[in-house]
Structures are given as C-alpha cells and as structure tokens.
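Thank you all for coming.

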Amino acid sequence: MIFTFAKNFFKVYKEFRKISVVVVTGCTDGIGKEYAKELAKTKMNIVLISRTQSKLEKVAAEISEEFGVKTEIVRADFSNGQSIYEDISKHLKDKEIGVLVNNVGVMLPRPMKFGEASEFDIWSHVNVNVAAVLAMTKLVLPGMVSRHRGAIINLASIAGTHPLPLMGIYGATKAFIDDFSQALEWEYRSSGITVQTVNPSYVSTNMTSFSDLVHKQNPAVPTAATFVSHAIATIGYTCRTSGYWIHGIAKHTVENYCPKWLFMFAMYMWNLLLLHNLKENKE
Ligand SMILES: NC(=O)c1ccc[n+]([C@@H]2O[C@H](COP(=O)([O-])OP(=O)(O)OC[C@H]3O[C@@H](n4cnc5c(N)ncnc54)[C@H](OP(=O)(O)O)[C@@H]3O)[C@@H](O)[C@H]2O)c1
C-alpha cells in the first residue's frame, strides 16, 4: 500500500455535499451498487450509469428512499464502445462531479483458454474494462481540475498482479487499470484530486457466481456490502488498496514474496479446479 497524506475525504466533502454529485458505473449489482449506497450516506446526489433500465430504476428508487438523496439514471451499455459517451456527457454536463467510481467490469463466464473466448467477450473486455475507465475519467477530469477537488476510484483487481492463465484477458485488463490509475494519481495529486486504485480478491457477486469456491461467503470471500464498507473507509488515506484486510494480506504476499512463475502455476491449477467445480456442471 502507498500512503498519501492522511485526510478524511468525507470530512472534506461534507462542505461540498449540496453541490457535488457522485457517478458510479456498473451500479445495479455487486460492488458498484454498494459504492453508490455508501456514497449516498454522504448526502451527495448520485448518477447511476449501467446497462439494464429496470434494475437502474429499482436501485435509484431504493437509494433515494433510504438515504434521502436525488438519483439520476443513465442507461448505457459500455460494451458498445465510443458511441455511448456523447449521451453520458450530456447527462454530466453542468454537474459538479465530486466522485467518479469507475466500477463497471466484465469477466469471462468461466476460466478458459484465449481461443475459446467469443469475439464479444474479447471486445467487451476492451470496451468495458479498459476504454470505459479512460473515457469516463476524460469526461470528469477537467471539471475536477478546475475546482481543485474530486475523487476517482478505479476498480482493478488482484488478478492484475501477474499474468493469469485461463483468465488472461481479464487479468491483463485489470493490470492496465492498475497501471493507468497509479500514473493518473501521480499526475493529479498536486491538483487536489484523489485517485484511488482498488485491487480486491474474490468478492461474492454475480461475477463470481460460476463456482461456489469463489462465490460462497466466508472471511476470504466477503459480500459486496462488507467489502465496500471496508474499502470506502480508505479513501483519502491510501491511493492503492486491496480494500479489505484479508485481501490485503493476499495481495502483499503475492506482490512481495511470490515469484511470477509460482503465481502463474498456482493460478493455472486453481482455474482448472474452478473449471471442474462449475455450478452448471453440478446442476
Ligand atoms: N467480484 C469480484 O470478485 C471482483 C474481484 C476483483 C475486482 N472486481 C471488479 O469489481 C468491479 C465490479 O464487479 P462485481 O463483482 O460487482 O460485478 P457484477 O456483480 O457482475 O456487477 C456488474 C455491474 O456492472 C453492470 N454491467 C455489466 N456489464 C455492463 C455493460 N456492458 N454496460 C453497463 N453496465 C454493465 C452490471 O449491470 P447488469 O445488472 O445490467 O448486468 C452490474 O450492475 C468490476 O470492475 C470487477 O472487475 C470484482
């Protein structure tokens, strides 16, 4: 973990809560939904950007009712690439974006070799995991720079630490986010902008639902609510975190004591095990 100077982000933002807005991508489920809920506790209004209209409406109503904030929904499918950002930009125009959570992400439906991945999966990884982080950051950054305040939270993954056989595309896109996000943090730390990279291990969400081994809740596989309640407390204190203490131990071990070949061998075997334990095979 790299520590920036300690500042309680939420105390700083209390002052601006009436004018600042939070934007969360991929927010109708899992980690993104919990970020939206936790950030709504600050009383900042929330812009929810995701793919499914009915789920957006439901989450927006839940958040408004529970936290008494305004919510706005923007339906966008990030797998469509560049064409969606004109509309998103219209929704964000004239708003003071205080926090952007670049959360939206996709993963292969199960471990597989590259050749087995569909064209759709390949382009989705590029458009959703990589391009969306760049394009959304590009949209909100000029306003944050001119106001000299703002926070951008980028969801990478422990999967990006070393190459990840049988989940190679996913791991590579998360390594991209990890690298980009750290560079962005260096570039804009003196502009009053908090950039945080979050590298979780397994969290029990739809993304991990293909196997009980990585979906069944236990201390190492928290619910999205538990994970985010820990991760959110680190904003302003650290610019790179796994977000959750057990994941922190795993990440520290993998980064500092595990040679790349050992990680790759272990993850190849682990992904083979996950393949043999697919839920669909058991049903
Ligand atoms: N879960 C983990 O173990 C884990 C670990 C490390 C990092 N992460 C990262 O954390 C982030 C969130 O993961 P999660 O587990 O919470 O995922 P999730 O449960 O699968 O939720 C993904 C959210 O993104 C939305 N979404 C998916 N594809 C989209 C698209 N093409 N356009 C717009 N919205 C889309 C989904 O909307 P719909 O409801 O319409 O599908 C849903 O709201 C991802 O970046 C992931 O890589 C997750």
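What follows is a short tour of the ligand site, the cysteines and the aromatic rings.

Before that, please keep in mind that this is a predicted model, in which local features need pLDDT of at least 70 and side-chain atom pairs count only at pLDDT 80 or more, whereas totals for chains, interfaces and linings use all residues. Residues are numbered from 1 along each chain as its sequence is written, and side-chain values rest on heavy atoms, with hydrogens and water left out.

Let me start with the ligand, which is surrounded by 32 residues, where a residue counts as near if one of its heavy atoms lies within 4 Å. The closest of them are Arg51, Thr52, Lys55, Tyr170 and Thr205. By class, this shell has 14 nonpolar, 13 polar and 5 charged residues; here Ala, Val, Leu, Ile, Met, Phe, Trp, Tyr, Cys and Pro are taken as nonpolar, Asp, Glu, Lys and Arg as charged, and the others, Gly among them, as polar.

Turning to polar contacts, meaning pairs of N or O atoms within 3.5 Å, an N or O atom in the side chain of Lys174 is 2.8 Å from an oxygen atom of the ligand. For Val203 it is a backbone N or O atom that lies 2.7 Å from a ligand oxygen, and for Thr205 a side-chain N or O atom at 2.5 Å from one. The ligand taken alone exposes 900 Å², and the protein buries 94% of that, with areas from the Shrake-Rupley method and a 1.4 Å probe. The elements that give two or more residues to the shell are α2 (30-40) and α6 (168-188).

What about the cysteines, and how many disulfides does the structure hold? There are 0 disulfides, a disulfide being a pair of cysteine sulfur atoms within 2.5 Å. Cys239 counts as buried because its relative accessibility is 6%, with buried meaning under 20%, exposed over 50% and partly exposed in between (1.4 Å probe, protein chains only). Cys258, at 18%, counts as buried too.

Finally, the structure holds 4 aromatic pairs, which are rings of Phe, Tyr and Trp (its six-membered ring) with centres within 6.5 Å, called stacked under 30 degrees, edge-to-face over 60 and tilted for the rest. In one of them, Tyr202 and Trp270 have ring centres 6.4 Å apart and planes at 50°, so the pair is tilted. This pair links distant parts of the chain, 68 residues apart, with Tyr202 in the loop between β7 (193-198) and α7 (212-215) and Trp270 in helix α10 (residues 260-276).

Technical notes. Polar contact = N/O pair within 3.5 Å; in protein donor to acceptor, adjacent residues only side chain to side chain. Helix = DSSP H or I, 4+ residues; strand = E, 2+ residues; numbered from the N terminus.
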